[in-house]
Amino acid sequence: MTLSCPEGSNYAAIAKQLHETAMQAEERISELEQELRSAVNRPTIVQTFTAPQTGFIDNLESNFGSSVGPFVYPFNNVPGDFTVDNSDDTYIYLGEGIYEIGVSATAVPAGVVNDNSIRIWQIKHYRPDPGSLDPVLPGFSFVDRTASTQVEANSVIGVKVAMAGTFRIMPGDRILFTILHTNTLSTITLSDIKCYMSKVSDASLTEVL
Amino acid sequence: MPASTPIYGFTYPCPDEVISPSAFTTLANQIDAKLLDVEADRFLALNRFNSDLDSAVVQTVTNGVDTTLTIPSSTYTLPMSGVYVFHVTVLPQTFPATISTTQATVHLNTVYQFGQTQNNEGNSTRNIAPSGPITGVAGDIITTRVFYVGSGTMNVRAHMSVKMLVRTA
């Protein structure tokens, strides 16, 4: 801040200088506050899905989440309507880095329950690869996953999962949530679906020096 | 009548006003107070609200009853509004004669947030550990519930890790 000294009895200049002091102090403090808030508040998206997702067939790995049904944002500090999963644009916008991604849901057979049938939940990470014929996501190659396998106990309450993983993501990468089950006697209905993403770190901070 | 800056409302005299020493005092105090707020932001940037709760205290859960745990390491009151990630582990300490399934769920002011189940057929018990995000305001209470299908009762401990992702106030 640079201030010229007022001359004697130049009271208007004093008022003007206090005005400038106040404005400059505000500008400096506001910049610092925004930087600190950005350091504390990393880009984070939380989605909950407003209706059950139905009709998941046995022995077929199927996507669930943003690719299937409508959702709302209990929290989203990323400008726009990006989704955690099933989006090429989300991680183009947010950039390369380390991300924490999680999902939770409840699976209940729509009809008859196969006791001890399996539920395999996955958070899968794919990278663009035009020549790829991946059965889950053609045009992308599989990179990494976090998975949880559960066994249905036929106790009426169904199966709940709540899991998370850490992924190194490049712009254009895609995240999918999938379920594969062996309940052959009926399809599966998913409810209470919630997912989240938080950017833990920019890529530059993970370089080995 | 003094004017004020657009963001923080720092006051300054207008050119037609009589200047008194209090104008300087007021502005200095306002800037000082705002710098204390920024100091708090700096502290949060370096020391996020993270908690790790553990206790040897056990609680008895009865089969067929969705029980809210009250032991110290199973509940948390949000100190500040924001988005948090909770990782809860329920650790069975005694084992019912029969057990087919166990469920641990996490709630925000009694509203379900996320949970995990496991198949215990063969009467085997093991830790169960759901994790997920919760968006809340200061004073919101996070609780853990345990439910199992089987016989008799089961004693459990709990462990809760809390990590703040975003501050919203």
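Predicted model: local features only at pLDDT ≥ 70, side-chain atom pairs only at ≥ 80, totals over all residues.
User: What radius of gyration does chain B have, against that of a compact globule of 169 residues?

Analyst: The idea is to set the value beside the one given by a rule for globules. A compact globule of 169 residues would come near 15 Å, whereas chain B has 25 Å. The box filled by the C-alpha atoms of chain B, taken along the principal axes, is roughly 85 × 25 × 20 Å.

User: What share of the contacts in chain B with a separation of 6 or more joins residues 24 or more positions apart?

Analyst: Here one looks at separation along the sequence. Of the contacts with a separation of 6 or more in chain B, 74% are between residues 24 or more positions apart. As for burial, 48% of the 169 residues of chain B are buried, that is, under 20% relative accessible area.

User: How many residues of chain B are in contact with chain A, and which residues of chain B lose the most area to it?

Analyst: An interface can be read by its residues and by its area. In chain B, 50 residues are in contact with 49 residues of chain A, and the two chains bury about 4100 Å² between them, 63% of it on carbon and sulfur atoms. B:Tyr8, B:Thr117 and B:Pro133 lose the most area on the chain B side, together 12% of what that side buries.

Definitions and conventions
Residues numbered from 1 in each chain as written. Chains lettered and ligands numbered in written order. Heavy atoms only, no water. Rg over C-alpha atoms; globule rule 2.2 N^0.38 Å. Buried < 20%, exposed > 50% of the residue type's maximum accessible area, 1.4 Å probe, protein only. Contact = heavy atoms within 4.5 Å. Buried area = accessible area lost by both parts, 1.4 Å probe.
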